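Have a look at it first.

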Amino acid sequence: MAEMETRFNRQKRLKSSNRMTYKTGESHVKFDIDVSLWGRKVGEFLAVENSTGMCVFRMKLLWLLASVGVASAATYGCTTPTLDDTGREMWVKGFNDARRSMAKGMEPNKCGPLPTGKNVYEMNYDCNLETVAYNAVSTCSGATPTGLNASYTYIKSMMWSSPASWPNDGRNQAGKQMTDWWSLVQANGIGTDLTYTGGAIKEWAVIANGKNTAFGCAYAQCLSGSVYKWNMICIFNTALGTGDKVYEAGPACTAAADCTYMPSSTCNDGLCHTDSLSGPPEENNICPAAANMNDDIRTAFITRHNALKSSGVRGLEPDGAGGNAPKGKQSLKYRWDCAIEKNAIAWGATCAQAHSTNANRTVGGEAWGENLYTMFAPQAPKQAAIDGSNLWWAELKDFGVGQENILTPAVWDKKVGHYTQMAWETTYKLGCSVNYCSGNTWVVCQYGPTGNYMNQLIYTKGDPCTSDAGCPAGTTCSVSEGLCVKP
């Protein structure tokens, strides 16, 4: 198939074929805020609206600078060179004080305060994460952390440079960076439902994620010729996916009974506390035999596939050939299939990063389809599930199908095969695997029964079901989705 390029907000398609590959870049935001060390913000909210309803003056701030003395610093037992417990205490106190203030409704959104938060956890300091962060920053090359658990995430500063005659005060610079990150939500705002959408608030959201229970940070300065270089990375033990809640809105904890995310939790002045450096045990009840998948990842795949298929049959999806894709009737809702997942896991384990054969995907006389996605960096599995699904579906808008809704050779040549497999009317079984291959994230999804039959309708045009009578025999109607459900 012909090679092509299409740009997305933060991904770049490198090659288009039946296998699609994507590359991501880093984006960072620098604020010029002159604060000597991280400090908690307290103040009087002065949300005022002008005649257009815009908030023109958000809050009056009082910065309380947190100068943590060596004598009062806790002992953490970390052995990373050039860092000390005074700096670690600054990170622990700064991040947790900010999260506590947020949970109590005392932190600013772009207009007014952020909602109060329940089940927001106090973060423990993890020396192992500090070591991983230090191994990256000490290169002074802008390197990213390697060897992380796939469910972890990180944020990094810009590479700051200054003449050799002006060495940075590393801890002071770290305090400024913390302030810059936390200030992003006040500068850009988040909706009251606290749904994470990425973009300009990413670093704040990673820090504010209520499910974080552990983190580790490191910074480094290197003299490179006549220039000092400075860089900082913080790693957190719970990654956010697009569509996740940054934290759960509700009253901050006042008792241990209010803390339900982690077992045996206590409440410490509005923040829940656990001694665990990892999140709760992963649930693996849907397909218990699978080693590299869990129910959260499966749910991310199946939820996104059904949301997109539903939006399509309800006539809400833009078609690059003009207008919206037509409404559809009788399309089947996806459900997870453990046999298909097992096959996807087996192929994913090869790290071939190419399609399996048709013979490999014909089991018990049923042929299965396949979509692949590669990110040239480690990516949290839930985010890979969402991004892969979105980018496959985006072929409809990018390349177009047309109102006939038939998969002709001409339509196929537009490179829409990932979309058409997802949207195929009679496909209802899904199984996927997220794999990590030589630093890349590789997703394999397989579909049963397969779609993409040439010169056939992608789905039957018509109004989506409103009752069981509008569905094929033996299925029921999910009215809110307009999809038919096989038992």
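Counting aromatic pairs gives 14 of them here. To pair, rings of Phe, Tyr and Trp (its six-membered ring) need centres within 6.5 Å; planes under 30 degrees apart count as stacked, over 60 as edge-to-face and the rest as tilted. Keep in mind that this is a predicted model, where local features need pLDDT of at least 70 and side-chain atom pairs count only at pLDDT 80 or more, while totals for chains, interfaces and linings use all residues. Residues are numbered from 1 along each chain as its sequence is written, and side-chain values use heavy atoms, with hydrogens and water left out.

Here are two of those pairs.

| Pair | Centre to centre | Angle between planes | Type |
|---|---|---|---|
| Tyrosine 121 and tyrosine 261 | 5.8 Å | 70° | edge-to-face |
| Tryptophan 424 and tyrosine 453 | 6.5 Å | 55° | tilted |

Where do tyrosine 121 and tyrosine 261 sit in the chain? Tyrosine 121 is in the loop between strand 5 (117-118) and strand 6 (124-125), and tyrosine 261 is in the loop between strand 11 (248-249) and strand 12 (266-268), 140 residues apart. Helices (H or I, at least four residues) and strands (E, at least two) are DSSP runs, numbered from the N terminus. Tyrosine 121 is buried at 0% relative accessibility, whereas tyrosine 261 is partly exposed at 22%. Those words have cut-offs: buried means under 20% relative accessible area, exposed over 50%, and partly exposed in between (1.4 Å probe, protein chains only).

Tyrosine 453 is partly exposed, at 41%.

Some rings gather in a group: Tyr76, Trp91, Phe95, Tyr125, Phe215, Tyr219, Trp230 and Phe236 form one aromatic cluster. Elsewhere, charges sit over rings, meaning that NZ of Lys or CZ of Arg is within 6 Å of the ring centre and within 35 degrees of the ring normal. Lysine 309 does this with tyrosine 334, 4.5 Å from the ring's centre, and lysine 486 does it with tyrosine 428, 5.3 Å from the centre.

Now for the inside. A nonpolar core is a set of buried Ala, Val, Leu, Ile, Met, Phe, Trp, Tyr and Cys residues joined through side-chain atoms within 4.5 Å. The largest one has 54 residues, and Trp91, Phe95, Trp204, Phe215, Met232, Phe236 and Val246 have the most contacts inside it. Helix 1 gives the most to this core, with 7 residues. Phenylalanine 236 touches, among others, Phe95, Met123, Ile155 and Phe215, leaving out residues up to four places away in sequence. A second, separate core has 39 residues, including Cys287, Ile297, Tyr334 and Met375.

Strand 17 (residues 369-375) is largely enclosed by the rest of the structure, because 7 of its 7 residues are buried. Gly369, Asn371, Tyr373 and Met375 point one way, while Glu370, Leu372 and Thr374 point the other. Strand 17 runs antiparallel to strand 19, joined by 7 bridges; strands pair if DSSP finds at least two bridges between them.

Last stop: serine 389, in helix 8 (residues 381-393). Serine 389 is buried, at 0% relative accessibility. Leaving aside neighbours within four places in sequence, serine 389 is in contact (heavy atoms within 4.5 Å) with Phe301, Arg304, His305, Leu308 and Met422.
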